[in-house]
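This report walks through one structure, from overall fold to single residues. Please keep the sequence and the coordinates open while reading.

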Amino acid sequence: MVKFIEVNKRFGRLQVLKDVSIDVEEGIKTAILGPNGSGKTTLIKTLLGMVIPDSGDVIFKGESVLGKYKYRREIVYMPQIALFPQNLTVKELLELIPKLRKQEAKYDDLVDRFGVNEFMHKKMNALSGGMRQKVNLVLAFMFDVPLVILDEPTNGLDPVAVLELKKLLYEEEKKGRTIMFTSHIMDFVQQMADRIVFLLEGVVNFEGTVSEILTETGTSNLEEAVASLIIQNQNQKAYV
Amino acid sequence: MFKIIGYVIKDLLRNRWTLFYLLFYLLVGFSILMFSGDFSKSMVSFLQIILILTPLIGTLFGVMYYYNSRDFIELLLAQPIRRRDVFVGQWLGVSLSLGTSLIVGLGIPFLWYFAQYEVAGDQFILLLLLGFALGAIFTGLSMAVSVSTDNKIRGFGYALVLWLLMAVVYDGFLLLALIAFRDYPLEKFALVATVFNPIDLARITILLKLDISALMGYTGAVFREFLGSTAGMLTSMTILLLWMILPFFLITFIARKRDF
């Protein structure tokens, strides 16, 4: 569904993405992992057209996305930091975004599930971080689109909401949606991800399923596996 | 794009900025017309407001609004909306809000004055149109500056310097150049130099209309000499219109290459 082909991006002196080539398969949940600053968000933003790659191409459903915008009708993006106009109420925001996208949205059920109905008429700047994240999730799932991208969806969520999110992700996958997400919570990733892409300093360090990464690193859980990949990389560097 | 323009206008109304700005103009308009007594003197006061203050307020609003809505802009960019429409929509929204405040805020005192004395209706209209144009131009230029840098302070600085250059320094330099090269024929140079400053253009347009030679300055006199009052006015207004389109291209061009 999504193909990154030798994507390079440099911010000033810092090379954030180096020849990144990834295939994101349709209908499954792919986790993009990596330490802070490894280029996860930048990679996602190249797909959304918010960051323009220096070279390489990003393909969505067989067509390059560079310089285009209509393809975004089929993608919903939930950013890491909730980016909302602060003086709107939750309800106003939930009504504004469908108008801007010119797409229908169904949010009644979602609003109930995440308990957002309790603060529908509060302004965004009066909400706590967790509450905003819940609004963020409602926004991400209220459209019927084939690709949903979630940047750190569990940030600030209480355990009940995390559980609800997991259920929702399974349901969405059954509906045939493709989901890309990043997370620092390895338990969450281990449970949810069908495939893992591990970025390290802007380079794809590992790509495969959870069981593959465990076998390759000889570890018993994802946290250890990822740590071992990072240490391996550091040792290699020291050797060079 | 229209939805974004609509959103920005609503947002500014909600923040009461538009209202505050409108009240300010109402107050200034009535006080100048009531207390200055002499009509041509009040015209000069209005001229100063239109030429100096409107561009300044446009500049400040353009920068402030852009940086305040950075988050929302990122949200918009992830939607199926053309990049150009996001930024140009913001510019038009802010410009229309400011422009409406100006036209209503000064228009009411003007109407009141006109109803009493039946003078200078066309001059008032021209003043308002020029104010609207200058406001839009400077909002656009300052937004273009803001889009080009993530650093708020730098953005503010550059935008203010741009305003200062156009509103104050430009004339000084022009004058210096004219004095330094007074032995040469400078009419054409002055004519061309004026084209590059929308504030100068607006000044000349209104002074040609008012026909106040004393205030016209060198470039104004050149305009009149070369083109006559009416043709001179039309020329300067046409160039101003071109200036109004410039931010559209500038913002589109700068935004196209930026990462968010």
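## Contacts and overall fold

Two residues are in contact when heavy atoms lie within 4.5 Å. The model is predicted. In chain A, take the contacts between residues at least 6 apart in sequence: 68% of them join residues at least 24 apart.

Chain A holds 8 helices and 10 strands. Its radius of gyration is 18 Å, close to the 18 Å from the globule rule for 240 residues, so chain A is as compact as a globular protein of that length. The C-alpha trace of chain A spans about 60 × 40 × 35 Å along its principal axes.

## Surface and charge

How much of chain A is buried? Buried residues account for 55% of its 240 residues. The chain exposes about 10900 Å². Carbon and sulfur atoms supply 50% of that area.

Chain A carries 30 positive and 32 negative charges.

Side chains of opposite charge can pair when their charged atoms come close. Over all chains, the count comes to 23 salt bridges.

One of them joins A:Glu173 and A:Lys29, at 2.3 Å from N to O. A:Glu173 lies in helix α5 (residues 159-174) and A:Lys29 in strand β3 (residues 29-33), both of chain A, so the pair ties together parts that are 144 residues apart in sequence. Are these two residues buried or exposed? A:Glu173 is buried, with a relative accessible area of 18%. That counts as buried because the cut-off is under 20%. A:Lys29 is buried too, at 1%.

A:Lys29 also meets A:Asp194 in a salt bridge, at 3.6 Å from N to O. This pair again links distant parts of the chain, 165 residues apart. A:Asp194 sits in the loop between α6 (186-192) and β9 (195-200) of chain A, while A:Lys29 is in strand β3. A:Asp194 is partly exposed, with a relative accessible area of 29%.

A:Arg177 and A:Glu172 form another salt bridge through their side chains, at 2.9 Å from N to O. A:Arg177 counts as buried at 5% relative accessibility. A:Glu172 is buried as well, at 3%.

Which residues are linked in a network of salt bridges? They are A:Lys45, B:Arg70, B:Glu74, B:Asp150 and B:Arg258. B:Glu74 is buried, with a relative accessible area of 14%. Set aside its neighbours within four places in sequence, and B:Glu74 is in contact with A:Lys45, A:Met50, A:Leu83 and B:Phe260.

## Two residues and their surroundings

A:Thr30 lies in strand β3 of chain A. At 1% relative accessibility, A:Thr30 counts as buried. What is A:Thr30 in contact with, leaving aside its neighbours within four places in sequence? The contacts are A:Val24, A:Ile179, A:Met180, A:Phe181, A:Arg195 and A:Val197.

B:Asp171 is found in helix α7 (residues 152-180) of chain B. B:Asp171 is partly exposed, with a relative accessible area of 25%. Leaving aside neighbours within four places in sequence, B:Asp171 is in contact with B:Asp200 and B:Arg203. From B:Asp171 to B:Ile32 the C-alpha to C-alpha distance is 26 Å, and the two are 139 residues apart in sequence.

## Positive phi angles

A:Glu6 has a phi near 45 degrees, a positive value in a residue other than glycine. A:Glu6 lies in strand β1 (residues 2-11) of chain A. Its relative accessible area is 48%, and A:Glu6 is partly exposed.

A:Lys102 has a phi near 55 degrees, again positive in a residue other than glycine. Where is A:Lys102 placed? A:Lys102 is in the loop between α2 (90-101) and α3 (108-113) of chain A. With a relative accessible area of 69%, A:Lys102 is exposed.

Technical notes
Residues are numbered from 1 along each chain as its sequence is written. Chains are lettered from A and ligands numbered from 1 in the order in which they are written. This is a predicted model: local features need pLDDT of at least 70, side-chain atom pairs count only at pLDDT 80 or more; totals for chains, interfaces and linings use all residues. Side-chain values use heavy atoms; hydrogens and water are left out. Helices (H or I, at least four residues) and strands (E, at least two) are DSSP runs, numbered from the N terminus. The radius of gyration is taken over C-alpha atoms; the globule rule is 2.2 Å times the number of residues to the power 0.38. Buried means under 20% relative accessible area, exposed over 50%, partly exposed in between (1.4 Å probe, protein chains only). Accessible areas come from the Shrake-Rupley method with a 1.4 Å probe; for residues, only the protein chains shown count as cover. Lys and Arg count as positive and Asp and Glu as negative; His and the chain ends are not counted. The place of a charge is taken as NZ of Lys, CZ of Arg, CG of Asp or CD of Glu. A salt bridge is a side-chain nitrogen of Lys or Arg within 4 Å of a carboxyl oxygen of Asp or Glu.
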